[in-house]
Amino acid sequence: MAIQSFRTDDDIDEVVERYSSMVYRLALAHTKHAHDAEDVFQDVFLRYVSRPRGFESEEHRKAWLIRVTINRGRSLWSAWFRKTEPLSDDMVFETQEEGDLYEYLKLLPQKYRTVIHLFYCEDLSVRQIGEALGAKESTVRTWLTRARAILGEKLKGGFPDEQERL
């Protein structure tokens, strides 16, 4: 299989257009804050543009983008960063349901947010998620099961901001 070893501006524009929403949504699921997701987004595509080698396939390119997005999201979560709070995180969603889902996902631990996002939003298989995260398939299935259980319990208690809406 031949590896593409050059890129044109058109190639870069096409890749950014194709994968921008995936990278941003994954970064947002990983970092929980829009401004941090934007930083990760920019860094991922900067790394993509400056990457000297090509990819074996489109699946390889997508897996690389997912892996870099996760790694860049993790790098923001240093010990110092976890102790800080953002000044504002006003997010605008197309529907109320999307906003509610975002609030629920923010309540999950980072590894669970990531697997839920990759499985449901990016339609990756358990195998593909395991490869992207460097985890065994059985571990990914366990994380999905635990995330679903946590979300199920949270849903029984109502929406996170339900009291504010009353």
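**Ground rules.** I take helices (H or I, at least four residues) and strands (E, at least two) as DSSP runs, numbered from the N terminus. What I have is a predicted model, where local features need pLDDT of at least 70, side-chain atom pairs count only at pLDDT 80 or more, and totals for chains, interfaces and linings use all residues. Residues are numbered from 1 along each chain as its sequence is written, and side-chain values use heavy atoms, with hydrogens and water left out.

**Overall fold.** I read along the sequence and got α-α-α-α-α-α-α-α-α. That is 9 helices and 0 strands in the protein chain. Next I looked up burial, where buried means under 20% relative accessible area, exposed over 50%, and partly exposed in between (1.4 Å probe, protein chains only). Of the 166 residues in the protein chain, 36% are buried.

**The core.** I count as a nonpolar core a set of buried Ala, Val, Leu, Ile, Met, Phe, Trp, Tyr and Cys residues joined through side-chain atoms within 4.5 Å. The largest one has 38 residues, and Leu65, Ile66, Leu118 and Leu133 touch the most other members. Several helices supply at least two residues each, among them α3 (58-76), α6 (110-121) and α8 (137-156). The top contributor is α1, with 8 residues.

I followed up on leucine 133, taking contact as heavy atoms within 4.5 Å. Beyond its neighbours within four places in sequence, leucine 133 is in contact with Arg67, Ile70, Arg74, Thr114, Val115, Leu118 and Trp143.

**Helix α8.** Trp143 turns up again here: the buried residues of α8 are Val140, Trp143, Leu144, Ala147 and Leu151. They lie on the same side of α8, because they cover an arc of only 100° around the axis (the arc of the directions from the helix axis to the C-beta atoms). An α-helix has 3.6 residues a turn, so residues three or four places apart point the same way. On the other side of α8, I found Glu153 and Lys156 exposed.

**A buried glutamate.** Where does glutamate 122 lie? I found glutamate 122 in the loop between α6 and α7. Is glutamate 122 buried or exposed? Glutamate 122 is buried, because its relative accessible area is 8%.

For its partners I used polar contacts: pairs of N or O atoms within 3.5 Å; within protein, one must be able to donate a hydrogen and the other to accept it, and residues adjacent in sequence count only if both atoms are side-chain atoms. The side chain of glutamate 122 makes one with the side chain of arginine 25 (2.7 Å). The side chain of histidine 117 is another such partner of the glutamate 122 side chain (3.0 Å).
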